[in-house]
Amino acid sequence: MVVKRKNWITHIILIILVVLILFPVVWVVSTSLRRDDAAFSSKLFSSRMSLQNYKDLLFPEENVLRLLSDIESITTNSQPYDKQPVESLIEKFKSDIVNLKKYSQESKDLIKETDKEYSYIENFVEENSEKLIQGIKSVVEDLTNDLVIKKPEDEILAIAINSLIYDDKKIKERNLEDIGIDVDYGNYKVKWQEELNEKKQLIEEMEEYIKSLENKIKSMKKDLDYYQEEYRRLELILNESIIPQFESFNKTLEVAYNLLSNKSNQIRAIVSEKTEYEDFIRIYNIVEELKTFKINGENKKVIDKLFENMTNVKLLWEGYTEKNSANYADFISLIKQFNLKALKQIKESYNLLSKFSSVENEYLRISNEYTLLSNKLNNEKSKIEELKDEYENIEKKYMPGKAYVMSKVVENTLNSFVEKINGYSLPKDINKLYLSIRVLNRKVNDLLYYIEDSKFKSSIRADLRKLDWVATYRNLIKRYEKFSDDAKEFVEEYDKYVAQIESTGINAIYSAKNGVKVRIAALLQLFTKVQSSYPAEIASNLGIASKAAADLMEQFPLNDLDKHFKNIDEKLFRYDQIWKQKQRHYLWRWIFNSVIVAGIVAIVTTLVNALAAYPFSRMRFKGRKYGIMSLLLIQMFPAIMYMIALYGFLSFIGRYIPWLGLNTLGGLIFVYLGNIAFNMYLIKGFYDTIPSSLEEAAMIDGATRWQTFWRIVLPLASPILAVVVILTFMGTFNEFVLAKIILQDVEKYTYAVGLWTFSSGPYETEWGLFSAAALVGMLPMVILFLSMQKYLVGGLTKGSVKG
Amino acid sequence: MGKLWKIVGYIFLALFNAFSIWGASFLFSRGFYELSITFFVLVFLIDYFVLNKNAYPYRYMIPAVILLFVLVLYPITFTIKTAFTNYGTGHIMTRQEVVDRLLTDPIYTYVPDDAKNYDYQIFVRYEGIEPTEEFKMIVINEKGEKYLVGNIKEIRVQAGKMILGEAELIPMEKVETLKEDGKIIAIIDDEKTYNYFYSPNDKETAINEIFFKSKIAFPILSKVEIVDNQRNRLSLRFSEDGTLKLVQIKHLYRMALSEVIENGKTVVKTTLVNDKYNRPLLEENGTFYDFNEDGEKVPILGYISTVGGKNFTKIFTDPTVSGPFTKIFLWNFTYAALSVLFTFIIGLLFALVLNNRTLGGKAIYRTLLIIPWAIPAFISVLIWKNGFFNETYGVINRFIVENIFNGNPIKWMTNPFWAKVAVLIVNTWLGFPYMMTVSLGALQSIPEELYEAASIDGASKSQRFWKITFPLLMTTIAPLLVGSFAFNFNNFVNIYLLTSGGPAIPNTTTPAGATDILISYTYKLAFEAGRGQDFGFASAISILIFFIVAGISFVNFRISGSFEEVNR
């Protein structure tokens with residue numbers, strides 16, 4: 001008994017795990033059967049099922065657009081019809097026209113049927129109007145019952161009312177009595193103002209202020225950036241060229257000073273002094289002014305030093321008497337040079353420095369102001385955050401009050417709603433009903449905003465959801481009626497065009513066959529009509545109506561209509577399939593390619609392996625021991641890298657042997673053939689089990705070695721050869737990378753590459769097609785695998801497991 | 001009868017020899033040296049097998065040897081050679097091809113300063129009222145003399161398309177024409193009539209300009225050089241006002257003798273010389289460089305050249321390569337090890353549960369649990385990627401993370417950590433059934449008596465597992481775990497299809513991604529041209545991979561005694 005119980009638990013755990021593990025498989029199956037866009041749906045599974053994805057992939061229907069483009073090719077005698085005789089063209093044309101007409105008839109029938117269903121639904125709703133209204137009323141009653149909220153203390157209530165009146169503008173004063181709230185909230189106005197309103201106003205003011213600060217800072221930042229840039233530029237000039245120059249001036253001046261201050265020697269010289277002193281004084285004056293500029297740090301010292309030096313020289317010069325000494329002559333020539341250089345430089349420097357100092361001042365001023373303001377802003381921001389938190393905390397205290405008031409408001413609305421809808425009859429008054437429910441919805445949502453209890457919320461929401469059918473039903477009415485009218489008109493017009501095409505088509509075929517290609521105007525017009533006006537004008541309404549019908553199956557309160565809604569949904573879906581533009585898929589082609597490639601590769605490599613394994617099993621020769629193993633080792637080389645060499649080789653061969661080049665199945669097969677030796681081991685092992693006495697007997701009878709192999713060993717080994725063929729087939733079928741490198745055209749893809757395109761690019765969200773295509777390829781492989789399980793496991797383990 | 005067969009066999013062998021040797025020489029002449037050598041060796045081997053009686057066993061292996069040589073050994077030698085070259089984007093052609101191209105390609109031409117302008121007229125054959133692409137051209141020189149452009153000879157062809165053509169001028173006396181008011185309105189040649197269609201200076205034909213440009217000038221004429229009787233070369237070039245003018249052109253590069261300093265000695269060599277400035281080109285690192293007006297080096301074309309061990313040393317020395325490479329290398333090992341660990345643990349757990357004798361329906365569970373292995377891996381990976389790990393639409397983010405845990409969507413594809421988690425989840429899902437199956441097999445081969453003896457001795461359940469089951473299990477499973485490690489080490493499809501190796505690692509010069517393993521990194525280097533292909537580096541890494549995996553496998557064979565088994 002105990003053992004059994006334990007197993008029971010194991011079973012449950014195992015089942016849960018299996019379900020979890022196989023969930024992706026379940027998902028693929030269910031998604032491939034879905035009719036809606038699974039990638040955008042809010043549901044994991046859907047009840048709107050169809051085999052349409054498989055139909056589109058495997059048995060694509062020649063729908064209207066396909067037929068039209070087919071007729072276009074026939075009448076212009078272009079591919080694939082360019083080589084066919086006129087008679088067969090005409091025949092095909094006629095059958096296409098018949099099909100076009102068939103689609104017109106089918107569309108009409110579909111609309112007729114949906115119209116019938118629709119009017120049935122309308123009648124049903126009319127007959128059951130009272131019941132439906134009653135149902136809504138009972139929902140509203142449930143709502144009213146669920147909405148009861150405990151009345152909070154008077155103070156909280158009163159302050160909540162004040163704040164509701166003032167801040168949220170959700171209620172007006174005179175309404176209060178209507179909804180049965182009798183609190184003298186006027187008394188609490190002061191308290192409300194103190195506790196809430198003042199804070200709120202403060203916050204608002206501060207927000208305003210912060211905004212203005214931010215604006216100011218923004219504009220200041222611009223100036224700041226400009227000055228910063230300018231300052232950097234000027235600073236660079238100052239440091240790189242002016243200051244070094246000044247330093248050299250200083251040195252010159254020091255030399256000049258030394259010359260003068262030295263005791264004069266006895267050598268006399270004639271000094272030709274002209275304007276040197278005036279020039280010097282001019283420079284001196286400028287430098288004096290330079291000194292007044294506000295410049296920082298080391299640079300300032302250099303300038304001060306310059307001024308100091310000049311003053312020294314000036315003083316010494318003015319007091320100097322021995323003006324015919326050699327010292328003086330040297331001095332003058334030095335000063336001459338100094339003047340020549342300095343006059344120009346100092347003037348320029350003056351301009352630059354004056355600009356620099358003003359820029360620097362401005363820059364410093366603005367940046368100071370900027371930091372000040374930013375600090376202020378940060379301060380204000382943190383302050384306002386604090387205030388807001390505080391305010392929210394206080395506000396929270398009054399939430400129950402607000403909720404209570406709002407619940408009263410909703411109650412009032414509900415009561416008046418019930419009164420209002422008493423006189424309604426469906427489906428005549430559906431619009432009015434819809435609008436009132438919308439108002440109701442909004443009011444309830446307003447209330448839910450003030451409530452924190454999530455359980456309460458979800459129960460209210462569940463109640464409200466019971467009214468959703470009204471909006472959906474209104475949607476259906478609106479969209480379906482529009483669709484029905486448009487679609488009828490559309491089909492009628494389509495008939496006219498088709499008749500036109502039918503009458504001119506055959507002439508066009510003849511004339512195209514004679515070299516004059518005429519395009520049929522009606523055909524072109526119809527083509528653009530179906531291609532562009534159908535999705536724009538009809539398909540959108542159709543889609544919404546169809547979705548509404550499907551939703552109503554769940555939402556509609558009475559279950560009698562489910563069948564009819566479903567019918568509408570399905571018929572509309574079929575209608576869409578006739579007219580909508582569909583991508584051409586190559587799944588068959590891909591599978592065919594894969595089977596061809598994998599089949600050839602499997603048979604060839606198995607034969608090669610069967611041959612090569614024989615000597616390893618029966619004969620003694622050099623290299624036997626390490627032969628297979630070194631083969632296996634060589635195959636450890638990443639096969640993808642063969643492609644660098646083989647790619648060039650294939651493209652080279654392709655020029656001489658086109659079917660073996662790049663982008664051909666032949667080339668792919670060729671590359672796959674390199675995958676030998678993996679199964680040689682398996683075959684060799686099987687050969688070992690065949691008793692060699694059989695062969696010996698045959699050889700005594702005169703058979704050659706080759707004959708014994710071919711006639712005896714190979715037939716006996718056929719089971720394992722079959723297994724190897726299937727295993728290789730599966731392995732090749734599942735190969736993706738090499739195929740992706742070699743194949744470029746969609747039509748030449750193998751299944752693996754093709755499926756990959758289904759999962760990327762524009763198909764990324766087309767889950768229906770992708771999962772259907774995946775399942776189509778997956779199923780045979782899984783079945784093959786499960787039936788080959790025994791050998792697969794054996795083959796995989798045999799290489800390493802002994803015994 | 002036997003003799004007849006023998007003779008037929010020898011004739012066949014002779015034919016095979018002739019064909020293979022011809023093929024090998026042909027390949028040699030086209031620059032496929034390794035392949036050609038492969039063929040020669042192959043022919044030699046096969047002849048030896050067939051002609052030497054002692055080599056009889058090898059005759060059975062001839063087909064396998066052929067496939068092996070062409071499809072495995074040749075690519076491997078090619079890869080090894082490539083690993084020591086700079087083969088890749090910018091270095092695709094051989095040096096000879098590059099020189100040829102520089103000498104002949106219309107791109108490398110220039111219009112000399114004293115170039116002459118020529119007027120021209122185009123005549124086109126009509127089919128009904130539609131003009132066709134068959135045309136004749138008349139060239140009018142400065143003196144007003146007219147010449148017909150003769151048939152275009154194809155000088156260089158690539159992939160069936162003409163790259164360079166040449167045509168001569170024929171005096172008009174030899175051409176049959178129709179004239180009206182002294183103007184040529186049609187040319188008759190080879191019984192076909194070509195009507196006057198377009199001339200750049202004739203405003204009346206301006207409506208034909210588009211047709212002329214798109215159907216005649218660009219696809220054909222722009223690649224043709226017309227040679228006049230003074231050996232001047234003329235070709236269509238865009239002038240500054242956007243019209244196509246027929247002007248005299250010269251080739252920018254020519255071969256000439258010039259002095260080059262090589263290894264400190266001055267050598268006279270034939271080199272490429274820029275004709276316009278009369279300067280020899282510089283050849284460095286497998287690239288030809290020209291100089292622009294400022295004397296700066298400008299690379300023009302690169303060719304495949306040997307770079308020594310640079311592709312290997314760069315893994316360690318170049319920080320933009322070695323950084324991501326180390327990451328990839330470590331992740332590769334982590335990925336393989338964790339995959340083996342997870343699949344083994346889960347597989348073993350299932351195997352232990354299913355090994356219970358009293359459990360009913362074992363076969364069903366086993367079959368169901370094997371399904372992830374049975375589904376072709378690429379399909380499963382695509383399903384996981386598309387349906388489950390998609391960041392916006394995926395089932396995991398939309399239904400599990402958001403609805404059940406109320407969390408933010410997980411960035412499966414853009415966050416390195418989560419991308420790695422995704423890769424491991426999928427790989428575990430794919431791999432555990434294999435581990436389960438082999439463990440189950442191993443468990444069943446453990447003799448029951450051992451347990452009975454142990455329980456008599458009073459061993460507890462966990463003792464029985466750790467002392468009996470696990471050690472016995474490991475002796476059979478350990479080689480498989482190593483094999484599984486080697487397999488996962490190169491499990492390219494899973495990584496490539498799920499994340500493509502992404503998200504990308506920042507600050508690197510190679511296309512490395514956070515979930516990249518060595519093989520996918522190599523693949524990206526070689527075949528995804530986003531940042532340029534680098535076959536040389538890719539080959540170097542693949543050699544590295546080979547040594548790692550072959551090393552692991554060799555040890556594994558040794559341990560499991562497979563070599564001995566062959567010898568049995």
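**Ground rules.** I am working with a predicted model, where local features need pLDDT of at least 70 and side-chain atom pairs count only at pLDDT 80 or more, while totals for chains, interfaces and linings use all residues. Residues are numbered from 1 along each chain as its sequence is written, chains are lettered from A and ligands numbered from 1 in the order in which they are written, and side-chain values use heavy atoms, leaving out hydrogens and water.

**Confidence.** I began with the overall scores, which are ipTM 0.80 and pTM 0.74. Next came pLDDT (the predictor's confidence in each residue, from 0 to 100). Chain A averages 84, with 96% of the residues at 70 or above. For chain B I found a mean of 84, and 96% of its residues reach 70 or more. Within chain A, helix H22 (residues 665-672) has the highest mean at 93, and helix H8 (residues 175-178) the lowest at 70. Helices here are DSSP runs of H or I with at least four residues, numbered from the N terminus. I flagged residues 796-803 of chain A, where pLDDT stays under 50. Where pLDDT is low, the predicted coordinates should not be read in detail.

**H9 and H12, chain A.** I then looked at helix H9 (residues 189-261) and helix H12 (residues 326-397), which pack at about 165° with axes 3 Å apart. Axes are lines fitted to C-alpha atoms over the stretch in contact, and angles run from 0 to 180 degrees between N-to-C directions. The pair is therefore roughly antiparallel, a label for angles over 145 degrees. Their contact holds 43 nonpolar, eight polar and 25 charged residues. Nonpolar means Ala, Val, Leu, Ile, Met, Phe, Trp, Tyr, Cys and Pro; charged means Asp, Glu, Lys and Arg; the others, Gly among them, are polar.

**H17 and H18, chain A.** Here the axes of H17 (residues 521-555) and H18 (residues 562-579) come within 9 Å and cross at roughly 160°. These two are therefore roughly antiparallel as well. In contact (heavy atoms within 4.5 Å), the H17(A) side includes Tyr534(A), Leu542(A) and Met553(A), and the H18(A) side includes Phe565(A), Leu572(A) and Trp579(A). By class I have 15 nonpolar, one polar and four charged residues.

**Salt bridges.** Glu230(A) and Arg233(A) form one of them, with their closest N and O atoms 2.9 Å apart. Both sit in H9 of chain A, and because they are three residues apart, about one helical turn separates them.

How values were computed:
Angles under 35 degrees count as roughly parallel, over 145 as roughly antiparallel, 65 to 115 as roughly perpendicular and the rest as oblique. A salt bridge is a side-chain nitrogen of Lys or Arg within 4 Å of a carboxyl oxygen of Asp or Glu.
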